[in-house]
Every structure is written in C-alpha cells, then in structure tokens.
Amino acid sequence: MKLKSIVIVLFFALFLSACSSVKKHNAHLNDLIPAELLQKDVDLAYQKLQQLHPKLYWYCPKEQLDFKFDSLKKTIQMPLTSFEFFRKLSPVIANVRQGHLFISPPLKKMTARENKAFIKRGFGPLSQFDFELFDDKLYVLKNKSSNKNIKPGTEVVALDGKNPTDLIKEYLQWFSSDGYNQTFKKNFLGRRFSSFYTFEHGIKDSIIYKFKRNDSIKTVTIKRSKIDSIAIKKDIKKTISDAEKSQLKSKKQNQIKYGYDEIAKQNNRSFTFLAEDSLVAVIKIRSFTKGNYGVFYEDCFKKIAKRKAKALILDLRDNGGGRLSEVAELYSYLADSSFVFMNKSLLTSKTSLLHTDYFKGGGVFSKMGKILLSPFFYGFSYFSVSEGDDGNYYYETDTKPQELSENHFSGKIYVLINGGSFSASSIISSNLKSVKRVTFVGEETGGAFNGTVAGSMPIIELPNSKVNMRLGLMTCVPHNLSKVEGRGIFPDIEIIPTLQDRMNIIDPEMNWVKKDIKKDQEVNDLVNKKLNESKNLP
C-alpha cells in the first residue's frame, strides 16, 4: 500500500475514533458515578500532587492537607455526577494555595466539524461582556454586544433568574491564588466569570439579564451574535493591487509584532508616547504570550533612546503572565546593571518533565511529526534536569548572569499593577523591586513575590469522574526575593479603582502617574530657573 493511502486510511480511522469518543463522552456526562470510584479519584488526585508538585506543602502543612483529603473521602458516601464531585474536590485542591493548580469539570465535547460550525454562529451571551467584581457584586466592565445601552459600571442583578452574589460566593471556593493573596481571586473571578458559569450551566445561546444602573432595572435578552469576519475574509480573496498586497503584508507583520488578538480585536502589546512631543513612553502588555516580543522590545527601546525619554510607564495590569524568556528580555532593558533573573527551578524528580502534555493538541499530521521528534523531546526533558548538591532536582533557565540590552532605559520607571498581574508579570515585578528608579502604582499583585509553581503544566484526567486537574511541574522563583512569604508585590502608591471610576471611564492609576510626572517637571523647571538666576548674579 502506498504511503498516501496509508495516511488517508489512518486519517479516517482517527477521525471515526474521535467522533465515537465525543459521542460516548457526551452520552455519559451526567451519569451518577459510584462513591467508591469517586474515592479512588480523590486518592489519585492526591497521589499525582505528591508525585509531581515540587512545593505541595509551601502554604499548607502536610498533616493539614492529609486531613483535608481524608475528610473529603469520608463525605462521599453516595453516587455523584462529575460536576457534583468537582464541587467537592475543588475547595480541597484550593487549600494548596497555588494559582496555577486548577481543576475543571468535564464539559460537552464537539467534533472538529461541530466546533467549526459552532464558531461560525458567533459569540455567546456571556462572551459579549467583560465583567468585574465590586463588593461581591457583578458589574459590566466592557460591553461588546450590539446593545450599546449597557454602559460600563452597570450591575448585573440576575442571569436567567440566578443571583450573581450567590454564584460569586460559590465560585470563589473553586480556585486559589498564590499564597495568602486575595486581590487575584477577585480579579480572576471577574475576568473568568463566564467560564465558571459555563462549568455549572453549560454553553448558552441566550441569557436573560437583569441590569441595574442608577436604581433603574432593565431586563435584556442577549443572544449569540454572529461574527462579521467571514465577510471580511471573502473580500480579501478578491483581486488586489501590488500596493494593497504590500499594505496587507505590513499589517500582518505588525499583527505578529504586537500580538494581535482576533477575538478581542486589540493588540497584546502597545507602545506610544503620552503626547506627540512627550518625553514619557508608555508600554502596555496584556500578556507575555502572543507576538514577536524580540522585535517589539527592540523597536520600542530604540525609539525611546532616540527621543531621549525621561520616564517610562509600564502597564502590567491584568497581565496573567506567559513566557519567562520574554520577561527576562524585557528586564534586560530596565535593569541597572548585569543581572541574574531566575533562581533554579525545583522539581520532584529527574523524570518530572516527562509527564508534560507533549502529544496533546494538533491534527493527525502534527501528531505524526511529534512522534518522529519525540526521542529528541523526551531526551532533552530528561537530561536538562540535574541533581543538586542537596539531593533535589533542578531545571535551569535564565539563572546565569545576563548583560543589559542595547538601548536599555536608565530613566524613571512607573509600573502599574493590580490583582490581575500574575505569574510571569509578578516575576518581573519582583525583580524590578530591586531597581531604585521604579515606582509601583496600583494594588498588590495577584502573583506571589517569591514565585509560583508553573513551568510545564500537564492536565491529568481523573479516570472515573473525568475531572481535569492542571498542575505545575517546577518552581518559578525570581532572583530578587522578599522576607514576606505568600504575598504579592505591594505598590509604593496604592490606588484601587472604584465603581464610580468605571462608570465615568476614569483611570485613576494612570492619572496619578501623569500628575507625578508633571510635578517632577515643574520642580525641575523651578530648579533650573534658580540655577540660571544665580549664574546671572553680579
């Protein structure tokens, strides 16, 4: 049989297997699972944590966590659905107090064809809003629906008759922050409210909302809305000129450079000056994930150096993290001198990284490629972990001294942070705390000052309940540490936006920075004036 025929046969075999698997999964989604099988899942979850989590007892002593898991098993005395089991297990897992450690219930699956058709149907009624929490109430932060009467700062009083305050109280038990921090939980739940609601109630095509603004309550039905991008793609297929091709190519390059998000319709990174002739640069980074960060930072700091900027505002609010390589490179433009960015990453064993989700995701040809490259991947994963003098196992990344980048910035730096500043954005903030030119403005970061457990994060499916557990395999610890354990990076100037700020679309953190820069400029102008006057004295 020719290779092409083998590939076709294999493709259809995998396709039929996937369809059958999806159908079987959905058919048993709400089945009652015997108590003894659920108890086995509890044991397996704890076993996997003990086997793979390198700092399992960082914030919760072993005897306490043992007691929590034993108590959970004793409460499971009758059959439960997967979701009911998830509700019992998630608060116990949250006792580990690691923000990257997260569990989720099984949801309805779709085949590739069904998923493609579903995407074409557009955004769901939850995805059309960004939410935020104030005093355990749910508010609209951003309205992306076609109903423009719903303004930022509008309270959500009900979703299909359900009280958001009751939902918030429940959902806060399902996950944790790093350590004892509380700003992350409030921020994360606001941004991920849609996901938690879907965990409990499934995917919705419409939701009846009750909105409240200025004591006026309105009932509005929000339906799934279609995406306009299909028509745009059809237009691009038309014959275009060379000039238009060049413009499209340039636009594509910029989208890669800035990490353009197709769904949010915004760049992941942005760079500007406060005004056309300003000496204050502003870099906003929503996450350290999308885009070509090397080109972006090189271009930004080249422009900053050329302008001879005096101050830089680095906005890391609601930045959930991403690549350590990216934050290390950004830090090379901001540090005072050569530096070590990270401490060694602790793992539980020499083979920890072999548990990563190497084969998950991708199509048939992607999986074939992974099979061919697997010896190199697993070989590297094994030999990159070494045993330390203390008998523990470590992985090293960005642990050697690094030099400053060309065009590094030596002026005043303002860093905007909040509870959504997590993971990698907290790592760079921890190191920036050692740079005396930096002023932090906002609220305590959601990520811990002394690092987190993340890196490679496999997802383990508990076999009987089908609940998924994501856990980090290595510690990610910044070189600059704090004596205060289990808390985030505290701001030098604490400013927490109010509901009124949201309603009036006011940015109090940025406004404070602008006033401080203006005050510094006025002081400098006064000093220079006095110096000039003294020079002119007889």
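Visitor: Which residue forms a salt bridge with Glu-444, and how far apart are the closest N and O atoms?

Guide: A salt bridge is a side-chain nitrogen of Lys or Arg within 4 Å of a carboxyl oxygen of Asp or Glu. Here Glu-444 pairs with Arg-487, with the closest N and O atoms 2.8 Å apart. This is a predicted model, in which local features need pLDDT of at least 70, side-chain atom pairs count only at pLDDT 80 or more, and totals for chains, interfaces and linings use all residues. Residues are numbered from 1 along each chain as its sequence is written, and side-chain values use heavy atoms, leaving out hydrogens and water.

Visitor: Is Glu-444 buried or exposed?

Guide: Buried means under 20% relative accessible area, exposed over 50%, and partly exposed in between (1.4 Å probe, protein chains only). Glu-444, at 6%, is therefore buried, whereas Arg-487, at 30%, is partly exposed.

Visitor: How many salt bridges does the count give?

Guide: The count is 21 salt bridges. Among them, Arg-317 and Asp-507 meet at 2.8 Å, N to O. These two residues are 190 residues apart. Arg-317 is buried at 10%, and Asp-507 is partly exposed at 27%.

Visitor: Which residues do salt bridges with shared partners join into one network?

Guide: The network consists of Lys-284, Asp-315, Arg-317, Asp-507 and Glu-509.

Visitor: How many disulfides are there?

Guide: A disulfide is a covalent bond between the sulfur atoms of two cysteines. The criterion is a pair of cysteine sulfur atoms within 2.5 Å, and the count is zero. Cys-60 is buried at 4% relative accessibility, and Cys-476 is buried at 5%.

How values were computed:
Helix = DSSP H or I, 4+ residues; strand = E, 2+ residues; numbered from the N terminus.
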